[in-house]
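This report describes the chains of one assembly, one by one and then where they meet. Please keep the structure shown below in view while reading.

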Amino acid sequence: MTRATSFLALLLVFLGSGTAAADEPAVDVAPASLSFDGPGTRTLELRNPGGAPLVIDRVTLAPDASGFQLTDTGPRTLQSGERVQVAVQFTPDARRQQAFGGLQVHAAGQVRGVPLRAGSSWLLTLLIFFPLVGAALILFVPTGRHALTRAIALATSLVPLAASVLMCLRFDRAFSQATGNGGLQFIQHVVWIPSFNVEYFVGVDGLSVTMVLLTALISTIAVLASFGIDKQVRGYFALLLLLETGMLGTFCALDFFLFYIFWELMLLPMYFLIGIWGGTRKEYAAIKFFLYTLVGSVLILLAVIALYYSSSPTTLVDGTPARHTFDMVKLAYANDWEGKGLSLLGFDFTKVVWVAFFIGFAIKIPMFPFHTWLPDAHVEAPTAISVILAGVLLKMGTYGILRVNFAMLPLATQWAATTMAVFGAINILYGAFCAFGQRDLKKLVAYSSVSHMGYCLVGMAAFTRSGFNGAMLQMFNHGTITAMLFLLVGVLYDRAHTREIDRFGGMATQMPRYAALFGFAFMASLGLPGLSGFIGEVLVFLGAFPVYRVITLVAMSGVIVTAAYHLWALQRVQLGRWNESWRDRTIFNDLTARETLTLAPLAAVVLVLGFWPLPMLQLVDNGLMDLLRHVTGLHGAGTLAGLP
Amino acid sequence: MIIGLSHFLVVSAILFGLGLLTVATRRNAVAILMGVELILNAAALNFVAFSHYVEGAVTGMVFALFIIVLAAAEAAIALAIVLAIFRHFHSIDANDVSTLKD
Amino acid sequence: MLDNAHSLRAFLPELIVAGTVLAVLFVDLLARRPHVGRAAALTAVGLVAAGAATVMTMRADGYGLFFGLIARDPLADFFKLLFLATNLLVVLISLRAREATDESAAEFFALTLTTTAGMMLMASATDLLTAFLSLETVSIMSYVLAGFRRRSRESAEAALKYVIYGGVASGVMLYGMSLLYGLAGSTSFTAVRLACAHTPAAATVLLAVVLCLAGFGYKIASVPFHMWCPDVYQGAPTPVTAFLSVGPKAAGFALLVRFFGGSLPAELVGAPAPWPILLGLIAAATMTVGNLAALAQTNLKRLLAYSSIAHAGYVLLALCAGGSDGTRAILLYLVTYLFMNLGAFLVIIAVADAGIGEEIAEWRGLGRRAPWAAVAMAIFLFSLTGLPPLAGFFGKFYVFAALLARGGSLMVTLAVIGILNSAVSLYFYARVLKAMYFEAPTVDEPLPLARLHAATLALLAVPTVALFLVWSPLQRFVDSSLGQWYPAEMRPRSAQLDRSVKRSSVQLANTSATK
Amino acid sequence: MGWLRYIVLLPLVGAAINGIVGAPLERRFGRRVITVVAVGVMLAAAALAIAAAVTLAARPEHDRQIVDRLFTMISLGRVHVDFALALDPLSTIMILVITVVGALIHAYSAGYMADDPSYWRYFAYLNLFVFSMLLLVLGDSFLTLFIGWEGVGLCSYLLIGFWYREPANARAGMKAFIVNRVGDFGFLAGVALLFWGLAGSWSVIDHRYYADYPRLVPTLDLRLVHDQLAVAPFAQAFAAKTFLGAPLPLVVALLLFLGAAGKSAQLPLYVWLPDAMAGPTPVSALIHAATMVTAGVYLMVRLHFLFALSPAAMTVIATVGVATALFGAIVALFQYDLKRVLAYSTISQLGFMFLGAATGAWWPAMFHLVTHACFKACLFLGAGSVIHGTHTQDMREMGGLAPLMPRTRWSYLVGCWAIAGFPWAAGFYSKDEILARAYERSPLLWLAGAVAAMLTSFYMFRSYYLTFEGRAASEEQRHAVHESPRSMTWVLLALAAASIVVGPLVGLPELWSGREPLLARWLAPVTAGALTATPERRGLELALMFASLVVATVGWIAARLLYKDLRAREGALATLRSRLGGVPALVLDGFRVDALYDATFVRAFGATARTAAWFDVHVVDGVIAALGALARAAAFITAAIDHYLVDGAVNGVADLLLGAGRALRRVQTGRINNYVLGVAMGVVMLIVLTSWL
């Protein structure tokens, strides 16, 4: 009869009311989970619903349940209908606001898990899923009410921004892996699909805190910059907010399954946003973007499954034992992959999986051979989408490499470090030279992104503290600077409807304020000291130089070519005589209030971080130091003594 | 020379081959259907042979009976369809009936 | 092993379906004017009753009926419920599809019901005879269904091609079965399994199995037995195509699971059985041909035909992986496939109902003209590509998980081929989306969408999007369905035992893989 | 000591006010407000600088150090960088020069740019420049120094291309920035190499012995690097390291010199300075004479302990310095554009400063830097007022301006007097000290220096005579031209006075004053460690002093003879030369003396000058232009490779798949017989493949 009831349970759930299917004779636990606000004790009631007496072998805490104590654990038999109390005590230690664990009730040959939660924070879940609320709201706006749609979209995107700023303020800078929870803060950890060991696990640490802030900031600015869209406005903003959810989710997700779902969730809206609201060759650009990233992400999917199936058995967050796990923290720090000595397709398992992950993420950075989708996607995408694409999506690649490749497969990372540095240097020079040869202003900026992301690769490959911090800072700074660049190109395109550099000239005479900001952004982009672009680069140089002296020198020479193509473009667009061909046809009014509003915050951030990068460094340093110790220290690869 | 199992198998194999040949080469729809019948009979023959020589019981023969029944049903349906084809294409030549292609 | 008399009680669901067939035909004869609604209602009632009967008489352990001809076990029950659901949805779909139900709705519903009965038998067949009989019933019914539109040439041509191809394929299968019978001396799967394990003539076993595969392969339209599929799917009325692409295909897989799981030994005398390689070859060929051919299609039904071939390939991957993981993947994949494929065909019907043809070019600008239909189509197509969080992704995820769980270089290469194929498949699905969303419509006035179609679309789209919310109860039900068939592996999940079993089957797979 | 920051912040505030609200301010209250803000801020900064100098002087010699930490920029364990300003004797001199001369130039520009449309933008940039220069000079760590370093590069780019409507000006600005960037690449590489070297050497020596040493960690902090390299065993460890085969100190020194050369326009990175004359003249005075170009010299003196570690580098720098001096002088000979003469002269004088620094004469280099700031600013501003009056920069269109612009003429003459190196004027003392030190290093260096000095006085007086003496080029110029307004000329007079007074006041040689010169004593604590041994050879010094006097006068007389009233002879000489090529020409040419001069001295001079000028325009500039073109070509090729090769490959794969798809379509012939054949073939294929695999 039980199969019938499980089918009925499925039917009921299917029709909307969810109940957990009960298996054969098992102990009944009330309440289903215990959550603590602060220190204290909570009691759990075990009842034997079945007819026959039930033997409870033991009640224990799951191995990694920290901060919880259990008093009575002796074996006992429960007569039918009898109930017994179990007391669970929680004493938080100094720094950790959050503790997660599970209680295991071993009875009748089965293990029943009871999740224990203390201080789990809803901040991240609100942050990730609030844009969806906005998107849903927008769909019910009557057609034609564009102003209302824009208002809702802006309001919705402001909430994650506020939440991420609050998170950065309350982020405990001194929190590291040693203090517990794997160095993660604002954790939300709940079992989602128990039969496949999938959990809803979100959290933030040094690696992702700045990225979440960047995503929230860039998304709000993108929404603001999209007020010029007038075709199918509701669909546009709904997709934009869906995209924001996908991005925020990817940065916060710490369960590989969840991570992969958010990773792919971004592709759908991007495809439509480029495809419907794009420029002339929008279909080609949209499908090219989609195919490139999809091939990358399917490689990641295979690697994820391979990792899952060779991960060592652990327990889920609510204590139920699990043969494998998707939990990225456990995959990184609880599994010694090299020690397992597995092999895949004839090669060393870790190396094959590392390469699969690396290609998947490299396509996103984009790295040299896989970058040809970026210029097309940028040229055809509407301004706001280019801002998001360059501002945030490129950082997914480097973030993924740090979170997955570096954390989980340290030895393979060391094996591939030099190649990564070489590709980084190639990216810098190749991107710079390509940018130099472009005639389309937006393509020039796109290639400049390729060049700037090369610094991140070199920084990461150096396995030094300032190299890592430099790469992390470069990711954030590049995000803000390219956002400004694309907005500026957008302003020009809205007026001139062309991006041909040679058609411009002497813009400074027509639009002085625009020229000032254009100059500011270009100076920041070429790495002028005093603006944020420089700090990332100099840290990468200082960090990478001791390890790869020749490669870093080559990367440094990139500074000259970068200066050359930036100034050359600045010269042909802004300076020189006013191009007569515009005389009668178009009026170039200076920046409107809305456009300045999108540019001003970014300019402020770029200027402040240029002189005072300390706050950003304090946010990321601890997380990166943990990662560095893990990548270099774990297998005695020789701590790179005496290096910055 | 006494007739053994192998003889039956050879005959059914030949029948099977011929059936395939007719189906592959003949252009007339009805002829193709005959080919199909040939293949079915080859199988039925096989079943009867195995039933007698290998199992000694009647399962094979029962199977053959079912094959005959289903062959009949299929033939009926097939001919009805050929009739419909003729009404539309005014010919039952397989090559004419090839509007659906890439 | 119950005798005939007692078996009848467990045979109730099939009996109810048969009864409904007779009832529908009988009522149609008596009524003066054919009334589609009444026939459909009757069919629906019959289906629901059969479903209820299956659920009531469901038992955790499986037992043979009619002296072992068919088995009543959780696996069969799962498939029965799947078929009944498919038929119910097809009834809903074809209510307003003029091409199917304007002349003789009752016959149409009767034919679908008989096919469902045949499929239920296929799913529970544990004997070569029942396998053949049920396969033939389903085939014959689908020949007629394919040719149902009297006045259209394509339908007649489709029927002709189907009947000839089907006849040849089942003939070849029969010949294979006769060889198996020759080897085993009995037609029951278990006897065949024992005989194959011990007979020295491994070559004949291989020949017999490949010949049988011709029949099963034709049913699920796997390469090289797929040639009929595009033409028949294009020619047949769309509700029939929808039904063919889901119902009989799933039944084919049920039969394959039983045939490869139950009736074929993993070990032949001496060398390990070549089944993984055989199935791997077919799977790889099916996926690649299905995806590549679809790239160049301009007709929507033909495109979905090749897409269904490709999806047969993915499920074959899971079959190739075998074991409880593989079968679980097949069952879950078929559930997700049911929703998305029927949904896609329903959109074609709904749009055809409003006067738009099947060529992709005619679908230009649908995003603006029929927003809800276009959104639904987008959901189904993205789910068919396998993008999270839609249902298709979970189906594919389990298939690849099964492959990688099995391990071994053959499995991993198959996984890579499969994963690249699903990436390539995005291109032709996106071409439809491109037409709908990115290109301006020729005539820009909104398209009316029947409320029934809209409701059914919602009924199919919601599970495609939200299946992951309901995923663990579904998976628990599927796991319980596997219980009886793979007893060794599916004992209640205690970590230690699972690992030991896993290790043994991995060795097994490795030895067979590294031939 | 928190007030040091105000010296730096005042110009920034001025720049911010003028930059952001300058335009509306100018519209509502007129230009006076802009001038008041800009010049006022400069005066305040100058006052503060003087106050700082005084307080520093009041402190005992060993404790002359004021540090003002604003905030921590970066703190990553070893890489700890504070945004800190440090004042020590060396930077005191620099801030005095920057603020005082800067203030004067600001006042001057008020008049000079009076009728320029974007008046506020000019002063905003000028103030920003002073802020960056002060930051450069006061910056305590390499990073803060580098922020200032690039800041001045940016401001020079903005100011050179101030009149950006003219594409040539914009291109000159860009050229300046890019060449500076090449230098900065050297600087960055040098710093990274130094940082790596320091880190490496710390791990070599055992820390126990230096356990009590304050901060045993490689650092970007200038003074800490100095203290660390003062520790003997550490210095040896550092010197012992090599990089790609070459000894580390040599590579670091040369890389830093590359940075300095980029900023101070030494060979080969000098090409941008002549084109930089496209900017307004006060800009040239401030940036390309007094302050920015001297940054390279300041850097070298600041890091003297580093350069001292590698004698080889010192000799290389010395030779490059003297070569630049000579080259600049030669090319300046034949320039007709007044400002380009001064530009090449600056390059040449900077050559002298690097010569001084490279021969260990730290304080004479600084001395020459200070004097050069005064007289070159005076000359440039003089040229500015001439241009302001005559609206042309070409000396051939000038002449006989002396009576018309008396004040400009006298200040310009004093400037020439100082730069040529006549006694009582500043140039004599500073240049003489450098040449003396050079002589000690090697007579050859002294000889080259002396020749350069002679040429200097020749071209300077040539420019004086061409512009001021002789008859006016055209009649209406005689009437149109009038003296610049008093607001500009008092600055000229002030600077002229300074270039006379500063020399003896600060650097009166020991020979005459009996005591060490004030500047030497002042800089002693900073450059104490460096090798500045000055042997007591009184006789030799006197001789050298007399020699440089002779050299200066020879140059003056030659210029005077040739160009005194050139107008009269110029016409005759030109016509004669054009009409007759052969011997009779010599006979006809009655002016035997001129012909002799002409045949030997002047023609030789002319030829070398013309080849130098030609060489400069076509070869060096050509090379740079070629490099630019090469870069653009390389960029074009890479872009093409990217488009066709990389992108093509990907599209190739896509087309391959589509092709396969179309091929598969054709297999569906539609005929039943083929399909059924498919079944049979399929079965056969499966059996064969399965058994084969």
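## Domains of chain A

The domain bounds used here come from an automatic or database domain assignment. The model itself is predicted, and the positions and contacts described in this report should be read with that in mind.

For chain A, the assignment gives domain 1 as residues 27-118, domain 2 as residues 121-367 and domain 3 as residues 409-636. Taken over C-alpha atoms, the centres of domain 1 of chain A and domain 3 of chain A are separated by 54 Å.

## Chain B

The secondary structure of chain B consists of 3 helices and 0 strands, so that reading from the N terminus the elements run α-α-α. The C-alpha trace of chain B spans about 50 × 25 × 25 Å along its principal axes. The radius of gyration of chain B is 17 Å, well over the 13 Å that the globule rule gives for 102 residues, and chain B is therefore more spread out than a compact globule.

Of the 102 residues of chain B, 39% count as buried. When contacts in chain B between residues at least 6 apart in sequence are considered, 49% of them join residues at least 24 apart.

## Chain C

Chain C contains 23 helices and 2 strands. Its radius of gyration is 22 Å, close to the 24 Å that the globule rule gives for 515 residues, so chain C is as compact as a globular protein of that length. Along the principal axes, the C-alpha trace of chain C spans about 70 × 55 × 45 Å. Of the 515 residues of chain C, 69% count as buried, and among the contacts in chain C with a separation of 6 or more, 79% are accounted for by residues 24 or more positions apart.

## A helix pair within chain C

Helix H8 (residues 153-184) of chain C packs with helix H11 (residues 228-235) of chain C at an angle of about 145°, and their axes lie 8 Å apart. The crossing in which H8(C) passes H11(C) is left-handed. On the side of H8(C), the contact is made by Glu154(C), Ser155(C), Glu157(C), Ala158(C), Lys161(C), Tyr162(C) and Tyr165(C), while H11(C) contributes Trp228(C), Asp231(C), Val232(C), Gln234(C) and Gly235(C). By class, the residues of this contact of H8(C) with H11(C) divide into 5 nonpolar, 3 polar and 4 charged.

## A pair without contact

No contact joins chain A and chain B, and their closest C-alpha atoms lie 25 Å apart.

Notes:
Residues numbered from 1 in each chain as written. Chains lettered and ligands numbered in written order. Predicted model: local features only at pLDDT ≥ 70, side-chain atom pairs only at ≥ 80, totals over all residues. Axes fitted to C-alpha atoms, helices over the stretch in contact; angles between N-to-C directions. Helix = DSSP H or I, 4+ residues; strand = E, 2+ residues; numbered from the N terminus. Left-handed = near helix turned anticlockwise from the far one by under 90°. Contact = placed C-beta atoms within 7 Å. Nonpolar A, V, L, I, M, F, W, Y, C, P; charged D, E, K, R; others polar. Rg over C-alpha atoms; globule rule 2.2 N^0.38 Å. Buried ≥ 20, exposed ≤ 12 C-beta atoms within 10 Å, placed from the backbone.
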